[in-house]
Amino acid sequence: MSTLQEELKYKIIDQLNLEDLSVEDIDNNDALFGDGLGLDSIDALELIVMLDKDYGIKITDPKKGKEIFSSINVLAEFIEQNRQK
């Protein structure tokens, strides 16, 4: 799963224009929102679009989205279990 985790870090940095961060700066257990990477609700929408476009996963329940985006490890595990692409 580490390849998927690295892929997610690259995509998050690229998609959200986090130019000040590198893949090495993001720990797999860091919180993506709040005190972790500090992502906001607009970033969450972009991540939801990325999941749909890149992995064929649609998130319709906002509560589930909060849970899924808690860290790179949780996001990678969710993708492995639900990916359509």
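Buried residues have under 20% relative accessible area and exposed ones over 50%, with partly exposed in between (1.4 Å probe, protein chains only). This is a predicted model: local features need pLDDT of at least 70, side-chain atom pairs count only at pLDDT 80 or more, and totals for chains, interfaces and linings use all residues. Residues are numbered from 1 along each chain as its sequence is written, and side-chain values use heavy atoms, with hydrogens and water left out.

**Salt bridges**

- The whole structure contains 5 salt bridges, each defined as a side-chain nitrogen of Lys or Arg within 4 Å of a carboxyl oxygen of Asp or Glu.
- Side chains of opposite charge can pair when their charged atoms come close.
- Lys11 is partly exposed, at 22% relative accessibility.
- One partner of Lys11 is Glu7, with the closest N and O atoms 3.5 Å apart.
- Lys11 and Glu7 are 4 residues apart in helix α1, which means that about one helical turn separates them; helices (H or I, at least four residues) and strands (E, at least two) are DSSP runs, numbered from the N terminus.
- Glu7 is partly exposed as well, at 30% relative accessibility.
- Lys11 also forms a salt bridge with Asp54, at 3.0 Å from N to O.
- Because Lys11 lies in helix α1 and Asp54 in helix α2, this pair ties together parts that are 43 residues apart in sequence.
- Asp54 has 25% relative accessibility and counts as partly exposed.
- Lys58 pairs with Asp52, the closest N and O atoms being 3.2 Å apart.
- Lys58 is exposed, with a relative accessible area of 62%, whereas Asp52 is partly exposed at 31%.
- Shared partners join Glu7, Lys11 and Asp54 into one salt-bridge network.

**Nonpolar core**

- A nonpolar core is a set of buried Ala, Val, Leu, Ile, Met, Phe, Trp, Tyr and Cys residues joined through side-chain atoms within 4.5 Å.
- The largest such core has 24 residues, of which Leu8, Ile12, Leu51, Phe69, Leu75 and Ile79 touch the most other members.
- Helices α1 (2-15), α2 (41-55) and α4 (72-82) each supply at least two residues of this core, and α4 gives the most, with 5 residues.
- Leaving aside residues up to four places away in sequence, Leu8 touches Met50, Tyr55, Ile72, Leu75, Ala76 and Ile79, where contact means heavy atoms within 4.5 Å.

**Packing of α1 against α4**

- The axes of α1 and α4 come within 9 Å and cross at roughly 110 degrees.
- Axes are lines fitted to C-alpha atoms, for helices over the stretch in contact, and angles run from 0 to 180 degrees between N-to-C directions.
- The two helices, α1 and α4, are therefore roughly perpendicular to each other, a label given to angles of 65 to 115 degrees; those under 35 count as roughly parallel, those over 145 as roughly antiparallel and the rest as oblique.
- From α1, Leu4, Gln5, Leu8, Lys9 and Ile12 meet Ile72, Asn73, Leu75, Ala76, Ile79 and Glu80 of α4.
- Gln5, in helix α1, is buried with a relative accessible area of 8%.
- Apart from residues up to four places away in sequence, Gln5 touches Asn28, Ile72, Asn73 and Ala76.
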